[in-house]
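Dear colleague,

I am handing over the structure we spoke about, with the sequence and coordinates placed just below. After it you will find my notes, grouped by region.

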Amino acid sequence: MNAIIVSALLGVLMMFSGIWVKNRAAITNIAAAGLLLLVIANLLNTYGVWVIHVNTHGMLEFQQFGLFFNTIAFTATLLYVLLSGRDMERTGADTAEYYALVFFVLCGVSILTSFNGLLMLFLGIEILSIPLYILTGADKKNLRSNEASLKYFLMGCFSTGILLMGITLIYGATGNFSFGNSQPIPGTTMVSAPFLEVAGILLVFVSMAFKVSAAPFHFWTPDVYDGAPSVFTSFMATVVKAAGFIAFVRLFSMHTALMGPSWRIIVTFVIIATLLVGNITAVFQQSVKRMLAYSSIAQAGFMLFALYSDNDLAKEGILLYSIAYSLATIGIFAILIKMNDYTFDGFNGLAKTHPVLAAANTVFLLSLAGIPLTAGFFAKYYMLASAVKAGGSIWLVIIAVIFAAVSVYYYFRVIQAMYFKEGTPSVVPTGKSFHTLLIITAAAIILIGLFPSWVLNFLYF
Amino acid sequence: MSTTEILFYFLSALAVFSAIMVLVSKSPVHSVLWLIVVFFTISGHYVLLNAQFLAIVNLIVYAGAIMVLFLFVIMLMNLNTQTEPQKHIWMKLAGVISGGCFLMVLISLVRQAGDMQGKTALMKTGNIGLIGNLGKALFQDYVVPFEITSVLFLSAMVGAVVIGKK
């Protein structure tokens, strides 16, 4: 609850700071301080201290899993603001409003990690999505940004419509907004009508799969990620996407029993389609930004394993995956934004001119590819191990490993361009603090890759 | 058949018919007008459920405000059949297949309507849709979502200002 209240208040604070503070760098500093406050507020909540006691009437439920993800998401956002805040100031004139919208997104994130019932899920998803439509179109003079924003908005509206249709069917079947188990609202009788509920669950599944860009509902992702200003793509592809997955996992871990074995068939189909589309299409991209958009689809394929296996290992795995994926992707985007040329050739010879950027970028890319000694390896390992432990199909795991090998190809193309090709990349001048932060991020990725239990212990203590 | 039943079937038939007309109409303006008919029939259903407040709100907000905005936008955009983009045949085919699959799921639902009778959530008392009870539900059980909705509207408002500003 702390996180929801504090993030909403900080959003309002950022709006007012736009009036009072004219210096844009100062606004970024206020946002960073606000995020630090948010992390602290959430940690207090984790250890039982509430800012205000609120009787939520069972609408929200705060568990260690969700609260820990909040901490991850807020810390990742803090890192993102510190690394890319300068570039956000350059995107348009309304820096303070962008930060306000980012805080509203974080409010949506903290609702999605604590919802207990479909009504709060719907509110969380909308609070998460609507600011993103705006941020996608933040670069108002750029036609592609406008196109991406409109496309995202329209597709998002359709998916919201499907979500509402599903919620309606579930409500009609059970008489309450939670999945199947709890008491009916006063004034109604509750009896089960499984087929109606199953149809509703399928629709909710479609809508959630759209939000996390799983195939075959991924068509918006490349255009939106490519068209949006790179700073906001970075935020969308990391914190927001991971939050979508947490909501997805929390939602479906409550009820998979209802669907029986047919549930796994659906998820298997979606996982294979997502891995196939994401990895194969990423191979053919010429622009690094677009490649990262497809790679985010491919990574979603791995995160979907948490839905497939639905056990404790999967929950640990999805958290580890969120950390590994968010850190690496925020880092890569922070470097990408500094480049003037987004194609693979734009990275030619970066190692000679900017050794720190190239080295950090290499660590991030290795982590995304899942090479051992980086966080990405253990993230992928946990997801696959959870599927094996849940008694899933071994073929699915083998297919996933093959696609992980395919992904190495397009990640290594960037490394190859940086180290083994001659060229003079044009890079926006970067400061010392930027380099230091990149090194810290890379070090964190390697440390988590060596000792993943350090992070996962927080889930239990 | 009682009067309520006759009204129910009449409203339902009219709702389905006008919903189909929304899709079939060639002119967007006609579609909007048919959509207003759909909203009126749905309001009629609300009245049958003894939810007068919802019925009136539905009329004022949807049939009144939103549809008028719709009509303005469509008239300003000056759409006609010539400007309509031509879709590829494969796109149409894919649409028919996926829509057909969805239709199959829904029809299989309706086929089990016999089992469903008396099983779906039913209103025990007829007064839950009255404004007093609605207000109590909204400010007691559902007060958290009600308050959190304000964050949603605030972010939409900030967004509108950011998009609209020069």
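**Notes on the structure**

In chain B, residues 24 or more positions apart account for 55% of the contacts with a separation of 6 or more. Please keep in mind throughout that this is a predicted model.

To continue with chain B as a whole, it has 7 helices and 1 strand, and their order along the sequence reads α-α-α-α-α-β-α-α. Of its 166 residues, 10% count as buried. The domain assignment divides chain B into domain 1, covering 3-129, and domain 2, covering 130-166. Where these two domains of chain B touch, 4 residues of domain 1 are in contact with 4 residues of domain 2, and the side that belongs to domain 1 is made up of 2 nonpolar and 2 polar residues, with no charged ones.

Within domain 1 of chain B, which spans 3-129, I looked at helix α2, residues 28-48. This helix of chain B has 21 residues, and the distance from its first C-alpha to its last is 31 Å, close to the 30 Å expected at 1.5 Å a residue. The buried residues of α2(B) are Pro28(B), Leu35(B), Val38(B) and Ser43(B). Viewed down the axis of α2(B), the buried residues fall within an arc of 140°, and therefore they line one face of the helix. The partners against which the buried residues of α2(B) pack are α1 (3-24) and α3 (52-77) of chain B. Just after α2(B) comes Asn50(B), which takes a positive phi of about 65°.

Further along chain B, Gln140(B) sits in the loop between α6 (131-139) and α7 (143-164). Gln140(B) is exposed, having 10 other C-beta atoms within 10 Å, and its C-alpha atom is separated by 26 Å from that of Ser43(B), which is 97 residues away along the chain. Ser43(B), by contrast, is one of the buried residues of α2(B).

Turning to the nonpolar core, the largest one has 183 residues, and those with the most contacts inside it are Ala73(A), Ala243(A), Leu304(A), Phe305(A), Ala306(A) and Ala324(A). Helix α13 of chain A, residues 312-338, gives the most to this core, with 17 residues. If residues up to four places away in sequence are left out, Ala73(A) touches Leu106(A), Val109(A), Val239(A), Ala242(A) and Ala243(A).

The loop between α7 (194-211) and α8 (220-227) of chain A holds Pro216(A), and the peptide bond leading from Ala215(A) to Pro216(A) is cis, with omega near 0°. Ser213(A) lies in the loop between α7 and α8 of chain A, and it has a positive phi of about 50° although it is not a glycine. Ser213(A) counts as buried because it has 26 C-beta neighbours inside 10 Å, where 20 or more are required.

Leu373(A), in the loop between α15 (355-369) and α16 (375-389) of chain A, is likewise not a glycine and has a positive phi of about 80°. With 14 C-beta neighbours inside 10 Å, Leu373(A) counts as partly exposed.

Lys141(A) is found in the loop between α5 (118-136) and α6 of chain A, where it is exposed, with 7 other C-beta atoms within 10 Å. Lys141(A) and Lys289(A) are 148 residues apart in sequence, and their C-alpha atoms are 20 Å apart in space.

Lastly, Thr160(A) has its place in helix α6 of chain A, residues 143-174, and counts as partly exposed, with 18 C-beta neighbours inside 10 Å.

With kind regards

Key. Residues are numbered from 1 along each chain as its sequence is written. Chains are lettered from A and ligands numbered from 1 in the order in which they are written. This is a predicted model: local features need pLDDT of at least 70, side-chain atom pairs count only at pLDDT 80 or more; totals for chains, interfaces and linings use all residues. Helices (H or I, at least four residues) and strands (E, at least two) are DSSP runs, numbered from the N terminus. A residue is buried if 20 or more other C-beta atoms lie within 10 Å of its own, exposed if 12 or fewer, and partly exposed in between; C-beta atoms are placed from the backbone. Two residues are in contact if their C-beta atoms, placed from the backbone, lie within 7 Å. Domain bounds come from an automatic or database domain assignment. Ala, Val, Leu, Ile, Met, Phe, Trp, Tyr, Cys and Pro count as nonpolar, Asp, Glu, Lys and Arg as charged, and the others, Gly among them, as polar. A nonpolar core is a set of buried Ala, Val, Leu, Ile, Met, Phe, Trp, Tyr and Cys residues joined through C-beta atoms within 7 Å. The expected span of a helix is 1.5 Å times one less than its number of residues. The arc is that of the directions from the helix axis to the C-beta atoms.
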